[in-house]
Amino acid sequence: MAKKRAATGRKTTPKKAILPKKKKPTVKSTKTVKSTSAVKATSKPTPQKKSKKKKKDVSHKLFPVVGIGASAGGLEALEGFFSNLPDQANISIVIIQHLAPKYKSIMGSLLKKYTGMKIFEIEDGLKVEPGSVYLNPPDKDVAMINGEFQLIEPLEARAVRLPIDFFFRSLSEDLGKMSICIVLSGTGTDGTLGLKAIKGEGGMAMAQDEGQAKYDSMPRSAINTGLVDYILPVEQMPKQIIKYVKHPYIDKDEASGTTEQKYQNDITKILIQVRSKTGQDFSQYKQNTIRRRIERRMAVHQIDKISHYLDYVRENPLEVTALYKDLLIGVTNFFRDPDAFDILEKEIISEIVKTKKGDNIRVWIPGCATGEEAYSIAIIFAEMIEKSQKHFNIQIFGTDINEDAIEYARAAIYPGSIAADISRERLKRFFVKEDSTYKVKKHVREMLVFATQSLIKDPPFSKLDLVSCRNVLIYMDTVLQKKVLPMFHYTLNKDGYLFLGTSETIGEYSDLFSTINSKWKIYKRLGATVDKVLRYPVTKEVETSGELPAVQARKDLKEANIYQMAEREILNQYAPPFVLINDKREILYVNGKIHKYLLTPVGVPVFNILKMAHEDLRYKLTTILHKLGRKRETVVSRGLKVRDNGNFLTVDLTVKPFSSGGEAEEMIMVIFEEKEAPEKAVKRKTTSGKSRKEDSQITNLRQELKFAKEYLQATIEELETSNEELKSANEEMQSTNEELQSTNEELETSKEEQQSTNEELETVNSELQNKVTELSRANNDLNNLLASTDIATIFLDTRLSIVRFTPSLTKLFNVLPSDTNRPLRDITAKFNSDTLYQDAETVLNTLVQAEQEIRTNDGRCYSVRILPYRTVENMIDGVVITFADVTSIRAVKRLVTVVEDSNDAITVCDKEGNITAWNRGAEVMYGYGKSEALKMNISNMVPENKREENLRLMKEIMSGKEIKSFYTQRKTKDKKILDIWLTITKLVNEKGEIDYVSTTERDISELKSLKESS
């Protein structure tokens, strides 16, 4: 993706690299540098001149590049990483962070304390060098092309920016197996899709241990893919990277120490181990791909020799599973190659929707991996059907041999980073946001069925309008591809479409498919529907679902009866030589002696008439055939001179359209008619005048010829009679044979249709079983939830009959489990329920919720809420009534009212003496309003002479000493001193600890004055 976007940015003056403190400041770079301020966190060497070539520059020695994705909490992780990384490591490190557009990062100055490697801020055109650290600038996406950085303007059309995914994908495309990615602390799912791309190219993936990450969303999302090779604390990562890059898989082109034959034998034995455990045979997959995957696993486990890895596989069954998953890595994403999907939408799917007869549209996506491509095609179909205002039953079958990938696809939950591949409009319309993930909406999921299926072992689907098999054939060798492509031809309807990956092609099967778009590999099926049955599993010989068109035509023309043979004899003797060809210029049939006009070329036999034509005819024949292609009418070219054994022949060349009628393909007849030269005819006339002496001899010869003709005629008549009898018997035998053949073909076709139907039924049944399991689990969860809740709830249908209720409802109604489907009004209530039924009817009609309070016969209070019951499709299917017990709440409210209206001052303080509650009695007594008091400390109201005593008493109370009441004094807002009798109540938490103290304070000033005066 990165290669397709135009690079932006400008070259700037190179700046000084940030050097670590332990380096001496006198060390100078050989490059010219310009000084910069100490707070500048990055430096920028002179950008390299961009190469005009688009191909990778492999002239320099490749070295590993480590891409690190970090977000929130990433600084601590990076510090721990670089603290343990040797300065002399022969690797380059690129750090991609989530930065605000105008943010000036100081990451460089922070990291230079922990590493001796040079640190640079990435510039457009900057060349990547080993032993360096590169930091991404804000507001730009970073790509790597031919070992150079390119800065890309982010696309505004996408919902979110995902710079880590963007760089990881670019890194995988540029370096392949030399790429390494690390996902550190951060929120969201950025980096997950890029990690998949790196693994798909044979690179290595690491993730920070979730327990260590400050924010574990990013590493957890990466780990959940099942593709991470190492899950480690950051301190252990550098050591593992150094070991990995020194392995022969990275350091050399091929594993060392093993001969080629023995190496291949060990790989075959490893594949046998995989087949024994998984049932999948990879022997006919491309061996270079198999080798790279196996060698990558060897590098992960630090095993140098293939024989040692074979022993490791035999001893560790879990490694077989890990290798199997590595072999199945499917790099896919939504709308991969957007231009290809645009063509698919505008030219293919729109045409299918427009011209489809019937209600069913069937699509098959073999090798669907985790389902992104399948859902992409489903989304396009949904959009096209809505535009066309037609109704179709869309059936999209997604299959793969990876069971984990199929389960992932069925769940239809994808990381938030897919927003980089899908437009905002489609995200809003076809997905539901759930935390940091997106889930495909139900109406799209219902279009798809996912199943585990082997492309070459299991029977295919049939009667398909579209097959999308992208980036699957590239992993298969030529023999396996020749098994699969004819099978696709068999499964498609007439005029069905085949969608392949950009690196794939139909090869030699141009007579099975015509090309619709050569760049994006979209093909259309040729020929009528084939009835011949495919056999599974397919043998190693390439089996097709019927003869190729040219071969079949030649075969049909060879099957002639005796009568046709007699006609052919006459044609050979008296008719001019001719050939029949198809629209691809292939010769289908030959009559007469054509050796003067058509020659067999040296080398591999060919049947193309233009390649076989005599050189004196080739140019003219090419011109005539081209003219016939534009306007189908007979073309005659007379008097053509053709060299033959030192002489010249005069030939009339006739080219005309030819058809046998029906739906058979159109053919072309090419006739070669030799003519006598005019000067030769004149010479013959002169000579005949000089031979009158031979007339008598000629007469005798003519007489003998007449007798011979009569004898020949009689013989011919006898032969014709015999031929008629033989023909009659032959026709009867042919008729019987055709009937038997027709019956056999019908049985075979029925068997294949039944086999395909069974396969589809198995697929649908598997999907239904999964849904039943999910539904059962959801039902169990719901039952447990209803049983555990103390809120009485009853579900009513549209007739206000009971559908379901919680056990707590028995406190309010005399209801039994057998009362399901009974009307609510028939159930006796333990309260006055006269208005409840009417309120339920009102809610059902108006869809406006209602609330009321009731009191039961035993004196308890309940809050009743009545709401409409809505289904997932937003349909109203009844009402829900809940009864919440609010008796305690009412009692507390009454108590609060009593406290609030008390003439005594009632306050609540925390351990520090801060006032947290203040009643009206306190307002009257002390003169402080409630808002003022809640900002005060109780010590502000204690006179100076009582503060020390008051503080001592509060400490004793908080320490647990029992003090109920005592005499003290308080100071009012107007500085008046009151004599107070104070009663203390301790407020403890669930652990028994004192959190707050409540005081009830009564003014006894007057009482004390009276007592003193008396």
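## Salt bridge E508–K482

In this predicted model, the side chains of E508 and K482 meet in a salt bridge, 3.5 Å from N to O (a side-chain nitrogen of Lys or Arg within 4 Å of a carboxyl oxygen of Asp or Glu). Because E508 lies in the loop between β18 (492-500) and β19 (513-517) and K482 in helix α17 (residues 478-491), the pair ties together parts 26 residues apart in sequence. Helices (H or I, at least four residues) and strands (E, at least two) are DSSP runs, numbered from the N terminus.

E508 counts as exposed at 51% relative accessibility, whereas K482 is partly exposed at 27%. Buried denotes under 20% relative accessible area, exposed over 50%, and partly exposed the range in between (1.4 Å probe, protein chains only).

## Other salt bridges

The structure holds 35 salt bridges. One of them joins D421 to R169, with the closest N and O atoms 3.0 Å apart. This pair links distant parts of the chain, 252 residues apart: D421 in the loop between β13 (413-415) and α15 (424-430), and R169 in helix α3 (residues 163-175). D421 is buried at 5% relative accessibility, and R169 is buried at 11%.

K199, D229, R297 and E319 are linked in a network of salt bridges.

## Helix α11

E319 is also among the buried residues of helix α11 (residues 317-327), together with V320, L323, Y324, D326 and L327.

## Basis of the values

Residues are numbered from 1 along each chain as its sequence is written, and side-chain values use heavy atoms, with hydrogens and water left out. As the model is predicted, local features need pLDDT of at least 70 and side-chain atom pairs count only at pLDDT 80 or more, while totals for chains, interfaces and linings use all residues.
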